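User: Can you walk me through this model? I'd like to start with how the chains meet.

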2 protein chains.
Amino acid sequence: MRDFSHDISALALNTATLGHNVEGAGAGWSPERIIDACAERGYGGIVFWRREIGTNAARIAAHARAAGLTVAGLCRTPFLVGPLAPQSRQAVMDDFHASIDMAAELGAPVLTIVTGGVEPGTRGVVESLRLVTDRVAGAAPYAAARGVKLALEPLNPVYGGNRSCLTTLRDALDICDTIGAPNLGVAVDVYHVWWDTDLPRQLARAGERILGYHLCDWLAETTDVLLDRGMMGDGVADLKTIRSAVEAAGYNGFCEVEIFSAGNWWKRDPAEVLDTIVTRFRSVC
Amino acid sequence: MRDFSHDISALALNTATLGHNVEGAGAGWSPERIIDACAERGYGGIVFWRREIGTNAARIAAHARAAGLTVAGLCRTPFLVGPLAPQSRQAVMDDFHASIDMAAELGAPVLTIVTGGVEPGTRGVVESLRLVTDRVAGAAPYAAARGVKLALEPLNPVYGGNRSCLTTLRDALDICDTIGAPNLGVAVDVYHVWWDTDLPRQLARAGERILGYHLCDWLAETTDVLLDRGMMGDGVADLKTIRSAVEAAGYNGFCEVEIFSAGNWWKRDPAEVLDTIVTRFRSVC
């Protein structure tokens, strides 16, 4: 298991942590300013969201490279199914391809897939997972041709209805097995999987298909399932045990901190947030 | 699979559905009035919460019997672990025993166990599940001596931190296997397990250990994970498929409707709620 007490080059910031999607949060820092602040503190990587990139992918990528920071990934594909997805398969695939294009332009090696929830007109998750499989299989070659890996991210089952019919690492790996594309794998986020006693077995099964590892914490008294994630060490997820299993499976990539926290961390000075992450990363992750 | 389109004698009301725990909800109906209203409509069973029974178990049980209604179960044990549990093992066991005594006095054949969340001072769910196993094993003989079965109810993983370290039917059955008590089984609530693709396999494994089957629905856009459950047919759970698997496993007991809904059903006339349940039970469950 890697020791982060001195070397934090495996630490990556997911920009959601600075409140990218709330008016006024994160003090309105630009991608370039966030890159510089991360680089100054020794972060090794950064992960952006599409809304922050717009048409500036080449410029932002160049800024990150110049600062010595790796663009580790891009969030995310459109929802592929469910009530929040684009209305037609063609619209889904067009935006799926656009997200792949942006990842390629950024030089981001991994694009995260959030599947979307239960497809309208159906019940349960089985039919929706079948549609997800179809759409991911359709996009995987397009991504491969552009050097982009796709990471299926299972979300906490609380999102099963609207945001992710994919709720377990087991199901994600089943889809990987079905599709069999060499550039398809999974993203493991402790917020979504911390409760799952089947996790050690599924991580071992995943092996080199683990394309991302996301850090935050699950607060025992979570007040908002979307926007009340905890800073590492403030919750009940067994972070070191999970990372140990992730690394035993063969993963040695970035640990990406992704904390949606409208009531707490998004209200703070981004510099304080970035400093706190470093402290916690060295000690409790 | 049973046909409920005419015979609704398998329908049971969990009194939480009428808002027992919110001031003013349910129009303040007494247990006796709820019993009568259920019996008039052809419900076969009723499940109470301890707070509604107080010292009136014998009187309420007699009223149910006279009305031709079966008291199908009692909710519930104290939290056995976690931040909301009594502070000592002894205090947990004392209240656990008191809940068993009440079930016996009511003539309720099944007492539901909600485990509680992650034990303070620990991380992840493994140690908490070990403590749950210890405490359930300690109480099972006491319950057996009083003719009470204990039903471990896994809750949706969103409750993992504070209310239930037990989040899957798989884990519940693992605890049953470990303890091996003949009066220990599981309760299956669609709200908590609807998302789980492993459910069919675990239900088959459960077999006759299924001691309760709880109905409601998962709303795609759930606004409050505690108090925004849906009426059957209004959500995305695949109710008929789940019940089919539950019955294929050997269960032919009550289907217990348990809908916590502060913003919708608890605000309505209880008579309307009871009528709607009957209509939905005949058609979509």
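Analyst: First a term: buried area is the accessible area, taken with a 1.4 Å probe, that two parts lose on being put together, summed over both. Chain A and chain B bury about 2500 Å² between them. Of that, 55% lies on carbon and sulfur atoms.

User: Which residues of chain A lose the most area to chain B?

Analyst: A:Arg123, A:Trp195 and A:Thr197. Together they make up 24% of what that side buries.

User: Before we go on, what are the ground rules?

Analyst: This is a predicted model, where local features need pLDDT of at least 70, side-chain atom pairs count only at pLDDT 80 or more, and totals for chains, interfaces and linings use all residues. Residues are numbered from 1 along each chain as its sequence is written, chains are lettered from A in the order in which they are written, and side-chain values use heavy atoms, with hydrogens and water left out.

User: How many residues of chain A are in contact with chain B?

Analyst: 31, and they touch 31 residues of chain B. Contact means heavy atoms within 4.5 Å. The copies meet through the same surface, because 100% of the interface residues of chain A are also interface residues in chain B.

User: How many salt bridges across the interface?

Analyst: The rule finds four. It asks for a side-chain nitrogen of Lys or Arg within 4 Å of a carboxyl oxygen of Asp or Glu. One of them pairs B:Arg123 with A:Asp217. Their closest N and O atoms are 3.6 Å apart.

User: And by class, what is on the side of chain A that touches chain B?

Analyst: 13 nonpolar, 10 polar and eight charged residues. Here Ala, Val, Leu, Ile, Met, Phe, Trp, Tyr, Cys and Pro count as nonpolar, Asp, Glu, Lys and Arg as charged, and the others, Gly among them, as polar.

User: New topic. Where is the peptide bond that is cis in chain A?

Analyst: From A:Cys75 to A:Arg76, with omega near -10 degrees. In chain B, the bond from B:Cys75 to B:Arg76 is cis too, with omega near -5 degrees.
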